[in-house]
Amino acid sequence: NTHNIVVNETTKMVYLVGSRSCKGGLHMVDFRDPLQPKFVGCGTNANYVHDALCLVYKGPDTTYNGHELCLTFNGEQSSFSVVDLNDKAMPKVISTTRYEGGVYSHQGWFTEDQAYLLLQDELDEQRNGNATRTYLFNMTDLDKPVIMPAYTAQTKSIDHNVYILGNYAYQASYTAGMRVLDVRDVAAGKLSEVGYFDTSPNADGADLRGAWTAFPYFKSGLVIMQTTDSGMYILSPQRAALVGDVSPP
């Protein structure tokens, strides 16, 4: 079994997470020759990884500039880790950060400059009773990420996946549908909702049904949203309607 497959298109590496191998951690596969993929070891094997973001780092921490890194989201440990995989024979966990109020660290995404992280905890709304909450971290020092005040929305739904493109985060938030958040003031600890598409307009509870993911990386500008209960939606955001913002996304 594998929960998810994470691809680094730059290095042609594929990472299986949540599998029985590597004790649920990063299972590394070299896909440079797609006809002969090769298992190259375990990136982590000390804890379960529910999801990950893997990339060649180009952010503000010059120590790791050009390194292949994975940010792993560690499920019920309520933490995320930064893993240096530049040397596949000797993976190194740079840091592991736990956060207050966490229940299940599900998924997260870097801002475009890789200076900040938005993290989705899948079960805090249901277990703790808080409104929809996105955890924010200053990532300018990868050895010591800094926890920032969380963003709390007006909805009560569970946030599931988030992807960032340009100024906007596209958050799939189960019963609240897709929420579009402006991230330009994230350095000040601020996010603001500028648009949404609600697939469950008659519900806003902390239920595990509704919008599952909202993927914005198509050249056409379309966003593909998948739900658990009402099918797939192909959306075309009206950029000028995002609270009057007419700048490029």
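Me: What makes two strands count as paired?

Reply: Two strands pair if DSSP finds at least two bridges between them. In this predicted model, β9 and β10 (residues 116-121) pair in the antiparallel sense over five bridges. Within that pairing, G108 stands opposite L119 in β10.

Me: Which sheet has β9 and β10 in its order?

Reply: An open sheet of four strands, ordered β9-β10-β11-β12 with antiparallel pairing. Its edge strands, β9 (105-110) and β12 (146-152), each pair on one side only. From one strand to the next, the twist averages 25°.

Me: How many disulfides does the structure hold?

Reply: A disulfide is a covalent bond between the sulfur atoms of two cysteines. The structure holds two disulfides. With the bonded cysteines numbered in sequence order, the pairing is 1-2, 3-4.

Me: Is the disulfide of C22 and C42 left-handed or right-handed, and why?

Reply: The torsion about its S-S bond is about -80°, so the link of C22 and C42 is left-handed. The S to S distance is 2.1 Å. C22 sits in the loop between β2 (13-17) and β3 (27-30), and C42 in strand β4 (residues 38-42), 20 residues apart.

Me: Is C22 buried or exposed?

Reply: Buried means under 20% relative accessible area. C22 has 8%, so it is buried, whereas C42, at 29%, counts as partly exposed.

Note on methods. Residues numbered from 1 in each chain as written. Predicted model: local features only at pLDDT ≥ 70, side-chain atom pairs only at ≥ 80, totals over all residues. Heavy atoms only, no water. Helix = DSSP H or I, 4+ residues; strand = E, 2+ residues; numbered from the N terminus. Axes fitted to C-alpha atoms, helices over the stretch in contact; angles between N-to-C directions. Disulfide = S-S within 2.5 Å. Buried < 20%, exposed > 50% of the residue type's maximum accessible area, 1.4 Å probe, protein only.
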